[in-house]
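Please find below a short note on the model under review. The points are numbered so that each can be taken up separately.

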Amino acid sequence: MAKKNKPIDAQKIHTTTYWKLVWIHFKKHKAGKFGFYTLLFMALCGIFADFLAPVHPQARDSLAILAPAQLPHFFDSKGFSLRPFVYGIKTKRDPITLRPIATLDKSKRVYLQFFSHGFKYTLLGIPLDVHLITGENGQKIHFLGTDEFGRDLFSRLLYATKTSLSIGVLGVLTAFVLALIIGGISGYFGGIIDYLIQRFTEIIRVIPVIPLYMGLAAAFPKDWSSSKIYFAITIILGLIGWPTLSRRIRSQFLSLKNEDYVLAATVAGASSYRIISRHLLPSFISYIIIDLVISFPYMILSETALSFIGLGLRPPVLSWGVLLQSAQRIEVIVHSPLLLFAPAFCIFVAILSFVIIGDALRDAADPYKTHY
Amino acid sequence: MNRDQNPTLLQVKNLTVCFRAHGGTILAVNDLSFDLNKNQILGIVGESGSGKSVTMQNILGILPKNGIVDPNSQIKFNSSRYGEIDLLKLKPKEKKWFKLRGSEIGIIFQEPSAVLSPIYKIFAYFKEVIDLHLPGKSKTEIEQMAADMLAKVGIPNPSQCLAQYPFELSGGMKQRVLIALTLVTRPKLIIADEPTTALDVTVQAQILRLLKKLQQEFELSIIFISHNLGVIRQIADQVLVMYLGEAMELGLTEDVINRPLHPYTSLLVKAIPHFKSKGNPLVTMPGSIPNPLERPTGCPFHPRCPFVLNDVCSKQHPAFINYENGRKSRCFYLEKHKSRGVPVETHFRN
Amino acid sequence: MMLRFILQRFIGMVITLFIVSILVFIIMQLPPGDFADRYAFRKFSGGSVNITQQDIENIRKQLGLDKPQWQLYLDWIGGIVTRLDFGTSFAYQTPVIRIIKKHLGYTLILIFGSLLLVYLIAIPLGMLAALKRGSFFDYFISLTGYAGLAIPPFLFALILLYFLSKYTDFSIGGFFSDQFRDAPWTWAKLLDLGKHLIVPLIVLTWPNIALQAQTIRATMSDEINRPYVTAAIARGVPWWKLWLKYPLRLAINPVIGTIGFDVNRIFSDLPIVAIVLNLPELGQFLINAYLDLDMYLAGAILLILCFIIVFMNFVSDVLLACLDPRIKLE
């Protein structure tokens with residue numbers, strides 16, 4: 001009977017530490033796992049963008065402007081092929097507008113090569129030129145089509161993923177460090193310094209976020225290099241993000257300080273160190289981690305919005321926002337909708353994953369929830 | 001028989017209620033039967049898990065969704081509007097409930113602060129309840145009725161009280177207001193669910209006196225629920241002792257307390273601190289209430305009973321038997337010794 | 001007592017506005033170069049004359065811009081408060097106030113229309129989700145909470161734009177179709193405006209509806225199980241009146257308390273949506289002003305947006321006090 005197994009399980013739960021418990025519950029949360037693996041996948045794609053990209057992201061293929069997606073096939077009217085292939089591109093001129101129109105040439109098969117040579121790059125200082133997939137004989141292939149300059153969307157998407165995700169991480173880290181420092185100062189000195197800093201954060205929050213970012217970003221001189229801008233943007237994201245984080249840290253700390261169990265521990269003779277490390281820190285840290293995870297979406301969205309407008313990252317740096325700049329013109333999207341939907345889909349999936357992980361963590365960390 | 005001559009206001013018959021819970025099914029009330037007459041105060045005493053709240057929920061029709069009532073159970077209520085009806089046969093959202101609740105059946109809850117929403121003035125509550133059940137009254141009439149009732153429950157300045165918000169009143173005053181609110185529609189049946197538990201002891205005494213006075217004045221029937229036998233003693237004519245959802249003993253209050261006919265009752269009585277026992281350790285009951293998912297077989301009290309008969313108490317379920325003076329008890333030990341000719345009263349006394 | 005409360009909050013509002021204006025001013029002055037630089041450049045570029053630093057200094061003195069920062073701030077804020085003079089827009093070569101007058105109305109329509117829509121939709125949705133906890137409807141509402149965050153308004157606008165232009169010939173973009181743009185006001189024009197407002201309003205309100213519906217669902221679920229609701233049922237209050245009068249009244253409080261936050265959020269999304277949908281309202285002008293480094297215009301618009309936000313915070317405080325007597329009497 002189930003009753004016989006329960007006592008042993010119950011015992012286990014009583015003796016494992018808080019962290020192990022959180023991890024066990026998190027693993028059980030199916031959506032959380034899904035979100036985690038999705039993000040991991042995206043991060044890996046970004047890290048190995050060089051290897052995975054069939055074509056150089058900035059290369060302009062003049063024979064394939066606004067080309068349609070070249071999806072891999074194994075099978076078509078001509079028969080089955082063990083090696084996957086894509087259809088070639090042929091370019092016609094539109095008789096009315098005289099603009100070149102690229103379409104799929106179903107008569108032409110371009111076979112895919114694996115682990116073959118392509119454009120050069122460096123990985124950890126080692127110069128390499130091997131890529132996972134390329135077109136045979138060095139032909140350029142475009143899995144998701146090209147933009148109005150003939151640049152491969154798929155490759156650009158890989159690099160953009162790397163940048164957008166890393167900016168999110170750096171932004172959150174910056175905000176966190178700033179929040180700790182300033183929040184720490186605020187809490188340590190207390191009194192008037194604390195009061196002033198709190199008032200200041202409240203007032204900063206009145207200003208709408210994106211206009212505020214834009215105001216700061218507009219101040220970048222036009223001649224800054226793109227990496228300088230990248231760095232500056234992370235600083236800004238952090239600068240604006242820290243008040244919220246700091247406020248949450250502070251309120252969490254204050255509310256926990258007054259909990260009955262802290263009083264009980266003090267009365268029982270526990271030292272301050274023990275109270276903080278054994279009692280306060282676990283619940284405190286779990287909320288902080290959750291807050292950090294929830295901050296990612298905002299960072300990513302802010303960077304995307306800024307870059308979309310042209311006030312954020314600028315080419316040749318690639319991010320999802322930069323990719324969406326192509327989507328600003330409606331005629332372009334109507335012709336090649338993937339230019340809009342591919343980055344949009346990545347954004348959607350990334351944010352959803354973060355939110356789901358955050359929720360799963362929150363559920364797992366909540367001591368009052370019955371997980372049976 | 002003329003409806004008004006029927007002395008029984010409420011008849012609970014074979015009430016059996018289960019709950020679906022995560023671990024299984026919990027039997028909350030098991031074959032409970034009792035009558036409540038007009039102009040009578042019945043006390044129901046029991047610890048947590050005894051099923052007192054669930055019984056009350058069934059009388060009011062507010063049983064939670066996962067509760068299942070046995071189809072053979074009945075709760076017959078002698079309504080002035082609908083005649084004799086079985087409350088258990090009414091569907092949860094049936095319109096009849098809105099005419100019964102607050103109008104013929106009233107309830108006084110345990111926590112006066114939690115029961116009043118802080119955003120409405122006291123007058124608004126009276127207006128709401130009077131408009132619902134005694135429609136057609138003008139504002140001044142309502143004010144008059146409310147003020148009268150507030151005066152009767154001992155509020156010193158009724159008109160000022162009507163203009164106040166609940167959070168501006170003390171706990172005792174709020175409970176008085178709630179009593180007034182319940183009585184203003186002149187219900188026949190009042191359920192008092194631990195009305196004094198959340199109050200100071202001195203206020204408790206005042207409220208009990210007030211309830212007794214009002215009961216006499218308005219000829220109310222009250223079911224007074226409490227876990228405190230001492231409080232029950234002060235107010236109830238009859239007392240029903242419950243344990244784990246079953247009736248253990250029933251009888252006139254003084255009778256039951258002086259001459260308990262059930263081991264559980266006698267332990268409860270012994271546990272009441274008495275000024276004579278000053279200096280002696282407090283008497284407690286052995287063991288603890290079992291997990292509702294692990295209900296004892298046979299008599300529910302047998303694991304903790306000092307008089308347990310090993311061969312019978314754990315195997316069979318004792319019946320609720322009548323004894324003299326309208327006393328009822330559910331106990332094998334008592335049955336055995338009564339049939340042997342030993343006087344009933346001697347068994348469980350101190 | 002209520003009056004004192006309102007007065008307190010009002011003074012707080014003024015102080016906040018004052019400090020916000022300082023912050024806005026700092027943002028305005030951040031980009032390198034100022035009005036004088038640009039003016040000099042424009043005036044002399046194309047000509048064969050070499051612009052010296054002295055020339056720029058002269059122009060600066062002429063325009064009164066050579067004073068220390070704090071004095072410039074006082075000039076600026078003084079001008080606004082006394083004469084509604086926000087300075088001159090460099091890009092459009094007109095006083096800023098003219099641009100604001102022309103387009104403020106549309107911004108206000110968008111913000112208040114959005115607010116109204118958010119509450120009209122989110123509150124019933126949240127309430128229903130709480131009442132039918134665990135049902136498919138409830139689950140669906142929870143999902144939209146996620147989606148609301150994951151699809152930012154400007155992306156949503158782009159996607160809607162794509163589908164509308166591909167599959168319909170719904171005239172999208174702008175506030176009016178061509179034939180109505182400069183026409184005098186008629187019912188037909190109003191209808192046209194309404195049609196064009198549909199997409200912006202959907203896109204702007206979407207994340208807030210998701211958020212507030214979630215909030216109401218959570219708070220309402222909390223309140224439903226409270227003793228005062230059971231007590232009201234026991235008094236015989238009928239169902240529909242019961243839900244509105246008791247749990248909902250208290251559940252709404254957090255939403256009313258965050259009106260300012262909702263406005264803030266909508267104003268944050270508005271500029272980019274306005275660019276995508278080509279809506280000539282202040283948000284769009286703000287972005288263009290940033291891109292052109294037209295700082296007087298940018299600062300003015302930013303200040304106005306903040307003013308509306310601070311004002312709505314004030315309104316939300318007062319409303320909250322009206323609805324919850326506990327706050328009034330503290």
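**Note on the predicted model**

1. A:Phe115 is found in strand S3 of chain A. As to its surroundings, A:Phe115 counts as exposed, because 10 C-beta neighbours lie inside 10 Å and the limit for an exposed residue is 12 or fewer.

2. C:Leu293 also has a positive phi, near 55°, in a residue other than glycine. C:Leu293 is placed in the loop between helix H13 (282-291) and helix H14 (295-323) of chain C. With 20 other C-beta atoms within 10 Å, C:Leu293 is buried; the cut-off for that class is 20 or more.

3. The strand that carries A:Phe115 belongs to an open sheet of four strands in chain A, ordered S1-S2-S3-S4 and paired in the antiparallel sense. Strand S1 (73-76) and strand S4 (126-135) of chain A are the edge strands, each pairing on one side only. From one strand to the next, the twist averages 60°. Within this sheet, strand S2 (residues 79-93) and strand S3 (residues 100-123) of chain A are joined by nine bridges in the antiparallel sense. A:Lys92 has A:Ile101 as its bridge partner in S3(A).

4. For chain A as a whole, the model shows 13 helices and four strands. Of the 372 residues in chain A, 38% are buried. Where contacts in chain A link residues at least 6 apart in sequence, 69% of them join residues at least 24 apart.

5. The domain assignment divides chain A into domain 1 (54-151) and domain 2 (156-364). Nine residues from domain 1 of chain A and 12 residues from domain 2 of chain A make up the contact. On the side of domain 1 of chain A that touches domain 2 of chain A, the classes are four nonpolar, two polar and three charged residues.

6. Which classes of residue make up the side of chain A that touches chain C? The contact involves 32 residues of chain A and 38 residues of chain C. The elements giving two or more residues to the chain A side are helix H7 (209-217), helix H10 (272-309), helix H12 (330-335) and helix H13 (338-365) of chain A. H13(A) provides the largest share of that side, seven residues. By class, the side of chain A that touches chain C has 30 nonpolar residues, two polar residues and no charged residues.

7. In chain B, helix H4 (residues 122-133) and helix H5 (residues 139-152) pack with their axes 10 Å apart and at an angle of about 110°. H4(B) is therefore roughly perpendicular to H5(B). In this packing B:Phe123, B:Phe126, B:Lys127 and B:Ile130 of H4(B) meet B:Ile142, B:Met145 and B:Ala146 of H5(B). The residues of the contact comprise six nonpolar, no polar and one charged.

8. Chain B also has an open sheet of eight strands with mixed pairing, in the order S7-S8-S9-S3-S10-S11-S13-S12. Strand S7 (105-108) and strand S12 (321-322) of chain B stand at its edges with a single partner strand each, so one side of each has no neighbour in the sheet. S7(B) pairs with strand S8 (residues 189-193) of chain B in the parallel sense, over four bridges. The bridge partner of B:Ile108 in S8(B) is B:Ala192.

Methods:
Residues are numbered from 1 along each chain as its sequence is written. Chains are lettered from A and ligands numbered from 1 in the order in which they are written. This is a predicted model: local features need pLDDT of at least 70, side-chain atom pairs count only at pLDDT 80 or more; totals for chains, interfaces and linings use all residues. Two strands pair if DSSP finds at least two bridges between them. Axes are lines fitted to C-alpha atoms, for helices over the stretch in contact, and angles run from 0 to 180 degrees between N-to-C directions. Domain bounds come from an automatic or database domain assignment. Two residues are in contact if their C-beta atoms, placed from the backbone, lie within 7 Å. Ala, Val, Leu, Ile, Met, Phe, Trp, Tyr, Cys and Pro count as nonpolar, Asp, Glu, Lys and Arg as charged, and the others, Gly among them, as polar. Angles under 35 degrees count as roughly parallel, over 145 as roughly antiparallel, 65 to 115 as roughly perpendicular and the rest as oblique.
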